[in-house]
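Try each task before you read its solution.

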Amino acid sequence: MAGESKSEQVYGQLRADILNGVLSPGQSLSALDVGSRFSASRTPVRQAFLRLEAEGLVSLVDRQGARVSPISIKSVRDLFELRILLEAAAARMVAETVARDSAARQQFEEVAEALEAISEEGASDDRRDRYYALTETYDQAVIARTRNAQLARSIAELRPHTERLRNIAHSRPGRLDVSLAEHLSMCRAILSGDGAAAAAACAEHLAQTQRTILAAVVDPQGSGVSIDLVTA
(Lines give C-alpha, C1' and ligand atoms only; values in the text may rest on other atoms or scores of the structure.)
Protein backbone atom coordinates (compact mmCIF):
# COMPACT_ATOMS: atom_id res chain seq x y z
CA MET A 1 0.00 0.00 0.00
CA ALA A 2 1.38 3.40 -1.06
CA GLY A 3 2.91 5.42 1.73
CA GLU A 4 2.81 2.49 4.14
CA SER A 5 6.08 1.67 5.87
CA LYS A 6 7.55 -1.79 5.40
CA SER A 7 7.15 -2.50 9.11
CA GLU A 8 3.48 -1.48 8.95
CA GLN A 9 2.96 -3.66 5.89
CA VAL A 10 4.49 -6.73 7.54
CA TYR A 11 2.62 -6.13 10.79
CA GLY A 12 -0.73 -5.57 9.06
CA GLN A 13 -0.57 -8.66 6.89
CA LEU A 14 0.73 -10.98 9.62
CA ARG A 15 -1.93 -9.69 12.02
CA ALA A 16 -4.67 -10.30 9.44
CA ASP A 17 -3.31 -13.80 8.74
CA ILE A 18 -3.33 -14.64 12.46
CA LEU A 19 -6.84 -13.30 13.03
CA ASN A 20 -8.22 -15.03 9.93
CA GLY A 21 -6.61 -18.36 10.80
CA VAL A 22 -4.27 -18.37 7.77
CA LEU A 23 -1.46 -18.64 10.32
CA SER A 24 -2.42 -21.35 12.78
CA PRO A 25 -2.03 -21.16 16.56
CA GLY A 26 1.44 -22.42 17.45
CA GLN A 27 2.84 -21.94 13.93
CA SER A 28 6.46 -20.82 13.73
CA LEU A 29 7.34 -17.57 11.96
CA SER A 30 10.90 -17.45 10.71
CA ALA A 31 12.25 -13.91 10.54
CA LEU A 32 14.14 -14.93 7.40
CA ASP A 33 11.06 -16.36 5.69
CA VAL A 34 8.89 -13.40 6.64
CA GLY A 35 11.55 -11.00 5.41
CA SER A 36 11.74 -12.85 2.10
CA ARG A 37 7.96 -12.86 1.73
CA PHE A 38 7.73 -9.08 2.11
CA SER A 39 11.14 -8.18 0.67
CA ALA A 40 11.89 -6.67 4.07
CA SER A 41 15.10 -6.40 6.08
CA ARG A 42 15.45 -7.76 9.60
CA THR A 43 14.54 -4.46 11.33
CA PRO A 44 10.95 -3.99 10.02
CA VAL A 45 10.24 -7.69 10.55
CA ARG A 46 11.48 -7.42 14.14
CA GLN A 47 9.37 -4.30 14.69
CA ALA A 48 6.30 -6.11 13.39
CA PHE A 49 6.97 -9.09 15.67
CA LEU A 50 7.31 -6.76 18.67
CA ARG A 51 3.96 -5.12 17.93
CA LEU A 52 2.26 -8.49 17.56
CA GLU A 53 3.88 -9.67 20.80
CA ALA A 54 2.52 -6.59 22.61
CA GLU A 55 -0.98 -7.58 21.45
CA GLY A 56 -0.46 -11.14 22.69
CA LEU A 57 -0.72 -12.59 19.19
CA VAL A 58 2.83 -14.00 18.98
CA SER A 59 5.66 -14.90 21.31
CA LEU A 60 9.24 -14.14 20.28
CA VAL A 61 11.64 -17.04 19.79
CA ASP A 62 15.19 -15.92 20.54
CA ARG A 63 16.32 -13.65 17.70
CA GLN A 64 15.30 -15.99 14.94
CA GLY A 65 11.58 -15.33 14.72
CA ALA A 66 8.29 -15.76 16.52
CA ARG A 67 5.54 -18.25 17.15
CA VAL A 68 1.81 -17.61 16.81
CA SER A 69 0.38 -17.68 20.31
CA PRO A 70 -1.20 -21.06 21.00
CA ILE A 71 -4.77 -21.48 22.15
CA SER A 72 -5.16 -23.11 25.53
CA ILE A 73 -8.15 -24.25 27.54
CA LYS A 74 -7.18 -21.82 30.29
CA SER A 75 -6.77 -18.87 27.92
CA VAL A 76 -10.20 -19.51 26.38
CA ARG A 77 -11.84 -19.75 29.79
CA ASP A 78 -10.07 -16.64 31.06
CA LEU A 79 -11.04 -14.67 27.96
CA PHE A 80 -14.70 -15.64 28.06
CA GLU A 81 -15.02 -15.13 31.80
CA LEU A 82 -13.88 -11.55 31.27
CA ARG A 83 -15.96 -11.06 28.12
CA ILE A 84 -19.14 -12.17 29.89
CA LEU A 85 -18.53 -9.69 32.70
CA LEU A 86 -17.76 -6.79 30.37
CA GLU A 87 -20.06 -7.39 27.43
CA ALA A 88 -23.14 -8.28 29.47
CA ALA A 89 -22.70 -5.00 31.36
CA ALA A 90 -22.31 -3.15 28.06
CA ALA A 91 -25.45 -4.78 26.61
CA ARG A 92 -27.40 -3.63 29.65
CA MET A 93 -26.16 -0.06 29.19
CA VAL A 94 -26.88 -0.07 25.46
CA ALA A 95 -30.46 -1.26 26.03
CA GLU A 96 -30.95 1.67 28.38
CA THR A 97 -29.45 4.03 25.78
CA VAL A 98 -31.64 2.72 22.95
CA ALA A 99 -34.75 3.43 25.01
CA ARG A 100 -34.07 7.17 24.73
CA ASP A 101 -31.81 7.52 21.66
CA SER A 102 -33.52 7.19 18.27
CA ALA A 103 -30.22 7.08 16.33
CA ALA A 104 -28.98 4.18 18.47
CA ARG A 105 -32.33 2.42 18.04
CA GLN A 106 -32.14 2.75 14.26
CA GLN A 107 -28.64 1.28 14.25
CA PHE A 108 -29.74 -1.90 16.04
CA GLU A 109 -32.98 -2.12 14.04
CA GLU A 110 -30.94 -2.21 10.83
CA VAL A 111 -28.69 -4.95 12.17
CA ALA A 112 -31.70 -6.98 13.35
CA GLU A 113 -33.45 -6.65 9.97
CA ALA A 114 -30.32 -7.75 8.12
CA LEU A 115 -29.85 -10.73 10.44
CA GLU A 116 -33.47 -11.76 9.91
CA ALA A 117 -33.01 -11.56 6.15
CA ILE A 118 -29.95 -13.80 5.99
CA SER A 119 -31.44 -16.24 8.49
CA GLU A 120 -33.80 -17.29 5.68
CA GLU A 121 -30.95 -18.04 3.27
CA GLY A 122 -29.19 -21.31 2.66
CA ALA A 123 -25.57 -21.87 3.66
CA SER A 124 -22.92 -20.28 1.44
CA ASP A 125 -19.56 -18.58 1.74
CA ASP A 126 -21.17 -15.27 0.81
CA ARG A 127 -23.81 -15.65 3.52
CA ARG A 128 -21.11 -16.47 6.07
CA ASP A 129 -19.06 -13.43 5.11
CA ARG A 130 -22.10 -11.13 5.29
CA TYR A 131 -22.95 -12.58 8.69
CA TYR A 132 -19.44 -11.87 9.95
CA ALA A 133 -19.76 -8.29 8.66
CA LEU A 134 -23.06 -7.91 10.52
CA THR A 135 -21.64 -9.21 13.78
CA GLU A 136 -18.79 -6.72 13.39
CA THR A 137 -21.37 -3.94 12.92
CA TYR A 138 -23.22 -5.15 16.00
CA ASP A 139 -20.06 -5.30 18.12
CA GLN A 140 -18.92 -1.86 17.02
CA ALA A 141 -22.39 -0.44 17.75
CA VAL A 142 -22.27 -1.85 21.29
CA ILE A 143 -18.82 -0.34 21.84
CA ALA A 144 -19.92 3.03 20.44
CA ARG A 145 -23.16 3.16 22.43
CA THR A 146 -21.74 2.03 25.77
CA ARG A 147 -21.81 5.09 27.99
CA ASN A 148 -18.78 3.99 30.05
CA ALA A 149 -15.67 4.86 28.01
CA GLN A 150 -13.39 2.60 30.06
CA LEU A 151 -15.74 -0.34 29.55
CA ALA A 152 -15.93 0.32 25.81
CA ARG A 153 -12.12 0.52 25.58
CA SER A 154 -11.66 -2.73 27.51
CA ILE A 155 -14.05 -4.57 25.18
CA ALA A 156 -12.30 -3.15 22.12
CA GLU A 157 -8.89 -4.26 23.39
CA LEU A 158 -10.09 -7.88 23.66
CA ARG A 159 -11.33 -8.00 20.08
CA PRO A 160 -8.13 -9.37 18.45
CA HIS A 161 -8.17 -12.35 20.82
CA THR A 162 -11.87 -12.86 20.16
CA GLU A 163 -11.54 -12.57 16.39
CA ARG A 164 -8.86 -15.24 16.06
CA LEU A 165 -11.20 -17.73 17.74
CA ARG A 166 -14.07 -17.08 15.32
CA ASN A 167 -13.12 -19.79 12.82
CA ILE A 168 -12.92 -22.29 15.66
CA ALA A 169 -16.25 -21.13 17.13
CA HIS A 170 -18.01 -21.74 13.81
CA SER A 171 -16.17 -24.92 12.86
CA ARG A 172 -18.88 -27.15 14.30
CA PRO A 173 -21.86 -27.91 12.02
CA GLY A 174 -24.82 -25.62 12.65
CA ARG A 175 -23.01 -23.29 15.06
CA LEU A 176 -23.14 -20.30 12.73
CA ASP A 177 -26.94 -20.55 12.49
CA VAL A 178 -27.21 -20.82 16.26
CA SER A 179 -24.92 -17.82 16.67
CA LEU A 180 -27.06 -15.88 14.21
CA ALA A 181 -30.17 -16.62 16.28
CA GLU A 182 -28.32 -15.57 19.44
CA HIS A 183 -27.36 -12.24 17.86
CA LEU A 184 -30.97 -11.69 16.89
CA SER A 185 -32.00 -12.35 20.49
CA MET A 186 -29.44 -9.83 21.74
CA CYS A 187 -30.62 -7.20 19.23
CA ARG A 188 -34.27 -7.73 20.13
CA ALA A 189 -33.55 -7.50 23.85
CA ILE A 190 -31.62 -4.27 23.30
CA LEU A 191 -34.42 -2.85 21.14
CA SER A 192 -36.97 -3.71 23.84
CA GLY A 193 -35.03 -1.49 26.24
CA ASP A 194 -34.79 -4.39 28.69
CA GLY A 195 -31.29 -4.17 30.16
CA ALA A 196 -31.57 -7.38 32.17
CA ALA A 197 -32.76 -9.36 29.13
CA ALA A 198 -30.00 -7.90 26.96
CA ALA A 199 -27.35 -8.81 29.54
CA ALA A 200 -28.75 -12.34 29.88
CA ALA A 201 -28.88 -12.86 26.08
CA CYS A 202 -25.29 -11.67 25.76
CA ALA A 203 -24.06 -13.91 28.57
CA GLU A 204 -25.84 -16.93 27.07
CA HIS A 205 -24.36 -16.29 23.63
CA LEU A 206 -20.83 -16.02 25.03
CA ALA A 207 -21.26 -19.11 27.22
CA GLN A 208 -22.42 -21.14 24.22
CA THR A 209 -19.54 -19.83 22.11
CA GLN A 210 -17.06 -20.78 24.81
CA ARG A 211 -18.44 -24.32 24.99
CA THR A 212 -18.12 -24.71 21.21
CA ILE A 213 -14.53 -23.45 21.18
CA LEU A 214 -13.48 -25.66 24.09
CA ALA A 215 -15.01 -28.70 22.38
CA ALA A 216 -12.95 -27.90 19.27
CA VAL A 217 -9.77 -27.36 21.29
CA VAL A 218 -10.22 -30.68 23.08
CA ASP A 219 -11.10 -32.48 19.83
CA PRO A 220 -9.43 -30.56 16.96
CA GLN A 221 -9.92 -33.44 14.53
CA GLY A 222 -13.66 -33.11 14.91
CA SER A 223 -13.55 -29.40 14.07
CA GLY A 224 -11.31 -29.59 11.03
CA VAL A 225 -9.32 -26.66 12.45
CA SER A 226 -5.59 -26.85 13.13
CA ILE A 227 -5.12 -25.99 16.81
CA ASP A 228 -2.03 -26.05 18.98
CA LEU A 229 -3.45 -27.36 22.25
CA VAL A 230 -1.98 -26.16 25.50
CA THR A 231 -3.84 -27.42 28.53
CA ALA A 232 -2.22 -25.16 31.12
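**Exercise 1. Find which residues glycine 195 touches, leaving out residues up to four places away in sequence.**

Solution. Start with the contacts: glycine 195 touches Arg92 and Ala95, where contact means heavy atoms within 4.5 Å. Then check its cover: glycine 195 is buried, at 9% relative accessibility. For that scale, buried means under 20% relative accessible area, exposed over 50%, and partly exposed in between, with a 1.4 Å probe and protein chains only. Finally, take a distance: glycine 195 and valine 94 are 101 residues apart in sequence, and their C-alpha atoms are 7.6 Å apart in space.

A word on the source: this is a predicted model, in which local features need pLDDT of at least 70 and side-chain atom pairs count only at pLDDT 80 or more, while totals for chains, interfaces and linings use all residues. Residues are numbered from 1 along each chain as its sequence is written, and side-chain values use heavy atoms, with hydrogens and water left out.

**Exercise 2. Describe the chain as a whole: how many helices and strands does the chain have?**

Solution. Counting gives 11 helices and five strands. The radius of gyration is 19 Å, close to the 17 Å that the globule rule gives for 232 residues, so the chain is as compact as a globular protein of that length. (The radius is taken over C-alpha atoms, and the rule is 2.2 Å times the number of residues to the power 0.38.) Along the principal axes, the C-alpha atoms fill a box of roughly 55 × 40 × 35 Å. Of the 232 residues, 44% count as buried. Now look at contacts with a separation of 6 or more: residues 24 or more positions apart account for 74% of them.

**Exercise 3. Which residues have the most contacts inside the largest nonpolar core?**

Solution. First, the term: a nonpolar core is a set of buried Ala, Val, Leu, Ile, Met, Phe, Trp, Tyr and Cys residues joined through side-chain atoms within 4.5 Å. The largest one has 48 residues, and Phe108, Leu115, Tyr138 and Ile213 have the most contacts inside it. At least two residues of this core come from each of α4 (73–98), α5, α6, α7 (149–163), α8 (166–169), α9 (175–191) and α10 (195–218). The largest share, 11 residues, is supplied by α4. Zoom in on isoleucine 213: beyond residues up to four places away in sequence, it touches Val76, Phe80, Leu165, Ile168 and Ala169. A second, separate core of 19 residues includes Leu23, Phe49, Leu57 and Ala66. As background, nonpolar side chains tend to be buried together in soluble globular proteins.

**Exercise 4. Take alanine 114 and alanine 123: where does each one lie?**

Solution. Alanine 114 is in helix α5, and with a relative accessible area of 25% it is partly exposed. Its C-alpha is 7.6 Å from that of leucine 134, 20 residues apart in sequence. Alanine 123 sits in the loop between α5 (102–119) and α6 (125–145). This alanine 123 is exposed, at 77% relative accessible area. Between alanine 123 and leucine 176, 53 residues apart in sequence, the C-alpha distance is 9.5 Å.

**Exercise 5. Is valine 22 buried or exposed, and what is the phi of serine 39?**

Solution. Valine 22 is found in the loop between α1 (6–19) and β1 (28–30), and its relative accessible area of 57% makes it exposed. Not counting residues up to four places away in sequence, valine 22 touches Asp17 and Gln27. Serine 39 has a positive phi of about 50°, although it is not a glycine. Most residues other than glycine have a negative phi. At 63% relative accessibility, serine 39 counts as exposed.

Terms used. Helix = DSSP H or I, 4+ residues; strand = E, 2+ residues; numbered from the N terminus.
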